[in-house]
Amino acid sequence: MPGKKNRVLYQLKVTLQDIYPPIWRRIQVWEDTTLGQLHRILQIAVGWENAHLHEFHIGPKIYGVPDPDDDLYERPVLDERRQRLREVVPQVGASFEYVYDLGDNWRHELLLEDLVPPEPEQRYPRCLAGERCAPPEDVGGPLGYADYLEAMADPSHAEHESMFEWRGPFDAELFLLAAVNRQLQKKPR
C-alpha cells in the first residue's frame, strides 16, 4: 500500500441515469476509499437518505453487503467493505455503476475522470460541483419521479395535494454545494 503522503484522489463524476435534465455530482475521494465508504459518501453527495439496499456493479462483479440469501439465488456478492477503489477501478476513463434502492432501481454511473494530488489544507472527501436535487425517497424510480414532478408542478393535478402532503415543498433544481461539503466533513457514526 502506498504511504499516506503519496495518496492521490479519485475524481469521479456521478450521474443519476434515466433522468433528464441530469442530476449529477463531481466528487473527490481518496484512492484507498473502500466501496462501503464510497456508498456513504454517495448518499451525502447525491442527497439520498440511506434507507435502502445498494450495490456496485464493476465489470461482471457485484459488490455490496453480503447476505446469506445471496447464495440461495446464485448471486455472488463481494464484500464492499474489503474492496478499495484503486483495486477495482484502476484507470482513468473507467466507469462503473452504483445502484441504490433495489426496488426503485436508482442507477448511477460513476466515471473516473482523473487522478489528482490533494491540495494542501483541503479536507477530503469533497464535492466540487453538481446540479439538481435527488428525487425523494420511495417516489417509484425514474417513472414515478416524472409523475411526481408533473403532479407537483400543477396545483390542479389530481395528485398534487397528496404529493405535497407526503413530502412537502420540493425544488428539483436545488443543489447546495456548501451543505453537502459540511456533511461530508462530519465523522461517520
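Student: How many disulfides does the distance rule give?

Tutor: This is a predicted model, where local features need pLDDT of at least 70, side-chain atom pairs count only at pLDDT 80 or more, and totals for chains, interfaces and linings use all residues. Residues are numbered from 1 along each chain as its sequence is written, and side-chain values use heavy atoms, leaving out hydrogens and water. A disulfide is a pair of cysteine sulfur atoms within 2.5 Å. By this rule the count is zero.

Student: Which cysteine has the sulfur nearest to that of Cys 127?

Tutor: Cys 127 is in no disulfide. The nearest cysteine sulfur is 13 Å away, too far for a bond. That sulfur belongs to Cys 133.

Student: Is Cys 127 buried or exposed?

Tutor: Buried means under 20% relative accessible area, exposed over 50%, and partly exposed in between (1.4 Å probe, protein chains only). Cys 133, at 22%, is partly exposed. Cys 127 has 3% relative accessibility, so Cys 127 counts as buried.

Student: How many salt bridges does a search of the whole structure find?

Tutor: Side chains of opposite charge can pair when their charged atoms come close. The criterion is a side-chain nitrogen of Lys or Arg within 4 Å of a carboxyl oxygen of Asp or Glu. Over the whole structure, the search returns nine.

Student: Which residue forms a salt bridge with Asp 32?

Tutor: The closest N and O atoms of this pair are 3.0 Å apart, and the partner of Asp 32 is Arg 7. The two sit 25 residues apart: Asp 32 in the loop between β2 (23-30) and α1 (35-47), its partner in the segment before β1 (9-16). Helices (H or I, at least four residues) and strands (E, at least two) are DSSP runs, numbered from the N terminus. Both ends are buried, Asp 32 and also Arg 7.

Student: How many residues separate Asp 18 and Arg 107?

Tutor: Asp 18 and Arg 107 form a salt bridge, with the closest N and O atoms 2.8 Å apart. Asp 18 lies in the loop between β1 and β2, Arg 107 in β7 (residues 106-116), and the separation is 89 residues.

Student: Which residues do salt bridges with shared partners join into one network?

Tutor: Arg 107 also meets Glu 97 in a salt bridge, at 2.9 Å from N to O. Glu 97 is in β6 (residues 95-100) and Arg 107 in β7, so this pair ties together parts 10 residues apart in sequence. The network comprises Asp 18, Glu 97 and Arg 107.

Student: What phi does Asp 18 take in the hairpin of β1 and β2?

Tutor: Asp 18 is exposed, at 53% relative accessible area. The hairpin has six residues between its strands. There Asp 18 takes a positive phi, near 65°.

Student: How many bridges join β1 to β7?

Tutor: β1 is mostly covered, with seven of its eight residues buried. Towards β2, β1 runs antiparallel over eight bridges, and Tyr 10 has Val 29 as its bridge partner. Towards β7, Leu 12 stands opposite Leu 112. That antiparallel pairing of β1 and β7 also has its bridge count: eight.

Student: Which residue of β6 stands opposite Phe 56?

Tutor: β3 (residues 54-58) pairs with β6 in the antiparallel sense over four bridges. Phe 56 faces Tyr 98.

Student: What arc do the buried residues of α6 cover?

Tutor: The buried residues of α6 (residues 177-185) are Val 180, Asn 181 and Leu 184. They sit on the same side of α6, because their arc around the axis is only 95°. The arc is taken from the directions from the helix axis to the C-beta atoms. What covers these residues includes α1 and β8 (126-131), and the arc itself is 95°.

Technical notes: Contact = heavy atoms within 4.5 Å. Pairing = 2+ DSSP bridges.
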